[in-house]
Amino acid sequence: MLRIGRSDEVAFRNDISDIYSASRFTNTTTNTYVQGMFYQFYNALYRTNTILEKLQEKSSILSADFIKSAKGECLFIRGFYLFQLGKEFKDAPLKTVASQSAATFQQAKSSQHDIWEQAITDLSSAAEILPTTNSVGKPTKGTALAALGKIYLYEKEWQKCYDTLLP
């Protein structure tokens with residue numbers, strides 16, 4: 001709802017202050033909808049980081065094909081959510097490891113550029129791993145390249161964007 005509210009598909013009344021504020025591209029720490037989006041981004045990052053760690057840990061009992069497929073999907077999801085995190089919040093903590101200790105939960109903010117650099121790395125790796133066709137609901141090489149191209153577009157890297165989207 002928050003993402004659609006920022007499009008021209010709907011218009012929110014100003015008596016629904018949290019949604020109206022977000023639809024005007026104002027992210028505040030007191031807005032429950034923005035808090036929910038922030039939480040969902042980090043929830044997705046935690047889950048993908050955990051799966052990536054477990055794939056390495058269990059590599060002796062999992063098939064190489066399964067590991068490759070799951071790794072490609074996780075890298076795509078992590079890269080996509082890092083892109084969204086940088087786009088929505090600019091500077092934020094960059095988490096590439098699943099924290100298991102409360103002592104490691106607090107982390108300094110990274111710059112939007114650093115967040116997007118990690119997203120570029122993840123999406124590029126995902127594009128190398130993912131198949132060109134896949135099951136419904138699964139990411140493909142094309143989805144990874146589309147998200148990668150969009151990052152280049154936001155960073156005004158016109159030639160990289162062109163080369164990624166129109167090879």
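Angles between helix axes run from 0 to 180 degrees, taken between N-to-C directions. Those over 145 degrees count as roughly antiparallel. The model is predicted.

Q: What makes α6 roughly antiparallel to α7?
A: The axes of α6 (residues 141–154) and α7 (residues 158–165) cross at roughly 165° and come within 8 Å. The cut-off is over 145 degrees. The angle passes it, so α6 is roughly antiparallel to α7.

Q: Which hand does the crossing of α6 and α7 have?
A: It is left-handed.

Q: Which residues of α6 and α7 meet?
A: From α6 come L145, A146, L148, G149, Y152 and L153. From α7 come W158, K160, C161, T164 and L165. By class, the contact of α6 with α7 has eight nonpolar, two polar and one charged residues.

Q: Why are α3 and α4 called roughly antiparallel?
A: Helix α3 (residues 32–57) packs on α4 at an angle of about 155°. Their axes are 9 Å apart. Roughly antiparallel needs an angle over 145 degrees. The value is over that, and α3 and α4 are therefore roughly antiparallel to each other. Their crossing is left-handed. The contact of α3 with α4 divides into 20 nonpolar, three polar and three charged residues.

Q: Why is S99 called buried?
A: Its relative accessible area is 16%. Buried means under 20%. The value falls under that limit, so S99 is buried.

Q: Where does S99 lie, and how far is S99 from S17?
A: S99 lies in the loop between α4 (64–89) and α5 (112–129). S99 and S17 are 82 residues apart in sequence. In space they are 34 Å apart, C-alpha to C-alpha.

Q: What is the secondary structure of the protein made of?
A: It comes to seven helices and zero strands. From the N terminus on, the elements run α-α-α-α-α-α-α.

Notes:
Residues are numbered from 1 along each chain as its sequence is written. This is a predicted model: local features need pLDDT of at least 70, side-chain atom pairs count only at pLDDT 80 or more; totals for chains, interfaces and linings use all residues. Side-chain values use heavy atoms; hydrogens and water are left out. Helices (H or I, at least four residues) and strands (E, at least two) are DSSP runs, numbered from the N terminus. Angles under 35 degrees count as roughly parallel, over 145 as roughly antiparallel, 65 to 115 as roughly perpendicular and the rest as oblique. A crossing is left-handed if the near helix is turned anticlockwise from the far one by less than a right angle, and right-handed if clockwise. Contact means heavy atoms within 4.5 Å. Ala, Val, Leu, Ile, Met, Phe, Trp, Tyr, Cys and Pro count as nonpolar, Asp, Glu, Lys and Arg as charged, and the others, Gly among them, as polar. Buried means under 20% relative accessible area, exposed over 50%, partly exposed in between (1.4 Å probe, protein chains only).
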